[in-house]
Amino acid sequence: MRCDDCGEWPGARFGQQVLLAAAALAFLAAGRRALRRNRPGWLPLWIAGLLGWVTVPKYFICTRCENYGKPCDFFYGGRYAALLFKAQPDRPFNAAGYFAEGGTLALLGFLPALSARRDAGSLALYALGAGLFQGTLISVCCVKCVHRATDPWKRKYCPTFKITEGILRHV
């Protein structure tokens, strides 16, 4: 599946980043709506999950990635992480990174769905936003990662890498 003849990993394209950001905003707006309508008291916890997701996993994951310091396809994450943290290429990906990403994403992703479980309209809108974001993420970021990544931990630990690899196998 890896593309050995593709040359250097290209930087993120601005138009694709705009599309990814728009999908992320739609996802966040739908999540916020579901929480405000059904469980407004959960909003601070959800916002903490969002803030945690845009910081903590960057330390455990992005600082160890081959695209650290580069404008990678995941919201220019390599450059963003370089502004916050020093590179750690000699430190392997470990359970802390997995739990930082998974824990913050669980708060961010599941709280709106749980809050809207009895509100069909909010749940459908949230599911649509989540699907739009995940589909855009896969098409903008993950396909390139599957083809070009050399970090073995991505194949081993990233669930979206595995999903994308499976999709590409069947296309």
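This is a predicted model: local features need pLDDT of at least 70, side-chain atom pairs count only at pLDDT 80 or more; totals for chains, interfaces and linings use all residues.
Residues are numbered from 1 along each chain as its sequence is written. Local features need pLDDT of at least 70 and side-chain atom pairs pLDDT 80 or more, totals for chains, interfaces and linings use all residues, and side-chain values use heavy atoms, without hydrogens and water.

The largest pocket holds about 1400 Å³ of space. A pocket here is an open set of points on a 1 Å grid over the protein atoms alone, where a 1.4 Å probe fits, with protein on both sides within 12 Å along at least five of seven lines. The volume is the space filled by probe spheres set on the points. Lining residues, those with an atom within 4 Å of a point, number 47, and Trp53, Phe74, Glu101, Leu105 and Leu137 lie nearest the centre. Helix 5 gives the largest share of the lining, ten residues; helices are DSSP runs (H or I, at least four residues) numbered from the N terminus.

| Residue | Relative accessible area |
|---|---|
| Leu84 | 42% |
| Tyr98 | 41% |

Tyr98 belongs to helix 5. Its C-alpha atom is 8.4 Å from that of Cys158, although 60 residues separate Tyr98 and Cys158 along the chain.

Key. Helices (H or I, at least four residues) and strands (E, at least two) are DSSP runs, numbered from the N terminus. Buried means under 20% relative accessible area, exposed over 50%, partly exposed in between (1.4 Å probe, protein chains only).
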